[in-house]
Amino acid sequence: MADIIVDIFMKNLIKLLGHEANLLLKVKGQVCLLQDDLGIMNAFLKDSDGKRNEHHLVREIINQIRDVVLEVEDVIDIYMVKVIKQRRRTLLGRAFHSIGHANLLHDVSNQTTSIKNKIRNIYDNKATFGIGEVESNANEEAEQSLQRRRRNVEEEDVRTKQLRLKSLEMDLQGIQVYPASICKLQFLEVFDLRSSSSESILLPKGIWMMNQLRHLKVSRSLQLPDPAERITGTNPLRNLQVLSALSINQKTTLLIRKSLFPNLRKLHLLHKHNGIRNWTGQEVLELLTSLEDSLPSLRVLKTESLWKFSLNRFDMYPESLTKITNISSIMVPEHFRILGKLPNLRILKLKDVTLNGSGTQRGLIHFVAGEFPKLEVIKMVSVEIVTWEMERDAMPSLQHLVINFCYPLRNLPNELCRLTHLRLIEVSNISKELWNMLKDLNMNNGCKLIMD
């Protein structure tokens with residue numbers, strides 16, 4: 001029943017907005033014609049200045065034109081104000097006010113028709129009673145007046161569109177500090193920053209006032225400014241859902257602990273090695289463990305260049321995570337034990353990862369029975385894995401396995417063939433030994449093997 005009601009509402013909404021758009025086009029054309037008339041009449045009044053007392057007919061025509069000019073200006077001003085106000089509303093707001101807006105457009109249409117009739121009557125009388133035409137420069141004056149009026153309308157429209165901008169991508173070569181004027185775009189939802197500079201991107205403090213922002217993406221490491229005291233605790237970026245390349249440092253930990261991003265769903269943390277200070281494994285752990293309580297909506301976590309971990313806690317990752325990507329980092333066997341405990345993890349991606357360990361543990365991945373209960377996808381690219389071990393009943397939900405540029409790997413665990421949900425294995429750029437082994441591999445349950 002609810003689906004039917006929503007469907008009817010959406011159809012009526014589309015029909016209503018379509019009707020409003022058609023009506024707006026009609027009225028806009030009428031207003032533009034009035035602007036033409038306004039320019040000509042203003043030019044006539046200027047050229048008639050000093051001549052209006054020569055004849056009673058001339059004076060009367062001038063008075064009538066002056067009155068009509070005032071009416072035209074009122075209609076144009078009302079049209080500009082109301083149309084801009086309607087544009088600034090949300091889609092539902094436009095729908096809610098569409099009837100009133102349509103009535104206003106009808107009124108404007110009726111007024112323009114009435115005014116056009118008055119103008120036509122004035123010029124008919126002017127011709128009938130033989131009143132002389134204005135000098136040749138009237139056309140030039142009229143054109144200038146018309147252009148000024150149109151320019152005012154266009155400039156206001158441009159300003160409105162700038163303020164209403166919802167998505168912005170910037171690529172400033174060598175820029176580290178972005179101008180504060182960006183933060184005036186109060187309706188901005190997607191902000192994509194790209195820079196060729198090797199230094200961190202520094203955002204102005206006004207970023208904390210952009211409460212409509214949903215996606216903040218950068219190509220380099222990002223440094224957030226300190227928020228003003230008056231906005232701390234007010235969740236100024238409460239709508240932010242995606243935050244990328246956020247530098248790992250003490251300030252980042254403090255900002256996250258203040259719960260300034262309550263609805264963040266995707267987070268990319270980047271440890272930038274700037275030669276000033278190496279963050280210890282304990283500090284990385286403090287940042288990761290703060291995510292559980294401070295980011296309750298977090299589902300996707302990407303970490304990059306994390307070379308040190310402190311592994312004395314199994315709760316270093318939020319249990320809400322469904323996808324984890326680890327890039328350019330060092331991992332040890334304990335990491336996989338920690339990841340395997342996450343109850344909702346469905347996707348695990350590893351890229352440019354070194355597997356450390358003592359003795360035979362180096363290059364080893366060992367999946368324990370009962371761990372990774374909901375994991376569906378594993379993707380390993382340029383992982384220094386030598387040996388892969390897997391116990392029965394580990395990764396029972398695995399469906400898709402991707403292995404690429406993992407040259408040290410010599411085998412796949414036999415337990416993979418027994419996974420009932422596994423449907424696709426993709427391997428490429430692997431060792432000759434692994435290639436020969438996979439050629440003779442018999443997969444069960446319709447699993448497809450793609451070798452490239």
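This is a predicted model: local features need pLDDT of at least 70, side-chain atom pairs count only at pLDDT 80 or more; totals for chains, interfaces and linings use all residues.
Is Thr253 buried or exposed? Its relative accessibility is 9%, so Thr253 counts as buried, since the cut-off is under 20%. Leaving out residues up to four places away in sequence, Thr253 touches Glu286 and Leu287.

Next, helix α7, residues 333-340. The buried residues here are His335, Phe336, Ile338, Leu339 and Gly340. And what do they pack against? Three strands: β9 (323-331), β10 (347-355) and β11 (364-367).

Now, salt bridges. The structure has 7 of them. One pairs Glu371 with Arg337, with the closest N and O atoms 2.8 Å apart. That pair links distant parts of the chain, because Arg337 is in helix α7 while Glu371 is in the loop between β11 and β12 (377-383), 34 residues apart. Glu371 is buried, at 3% relative accessibility, and Arg337 is partly exposed at 33%.

Glu371 has another partner, Lys341, and there the closest N and O atoms are 3.8 Å apart. Lys341 lies in the loop between α7 and β10, so this pair ties together parts that are 30 residues apart in sequence. Lys341 is partly exposed, at 46%.

β14 (residues 400-404) and β15 (residues 424-428) pair in the parallel sense over 5 bridges, with Val402 opposite Glu426. On to β16 (residues 448-451): β15 pairs with β16 in the parallel sense too, over 4 bridges, and there Glu426 stands opposite Ile450.

Technical notes:
Residues are numbered from 1 along each chain as its sequence is written. Side-chain values use heavy atoms; hydrogens and water are left out. Buried means under 20% relative accessible area, exposed over 50%, partly exposed in between (1.4 Å probe, protein chains only). Helices (H or I, at least four residues) and strands (E, at least two) are DSSP runs, numbered from the N terminus. Contact means heavy atoms within 4.5 Å. Two strands pair if DSSP finds at least two bridges between them. A salt bridge is a side-chain nitrogen of Lys or Arg within 4 Å of a carboxyl oxygen of Asp or Glu.
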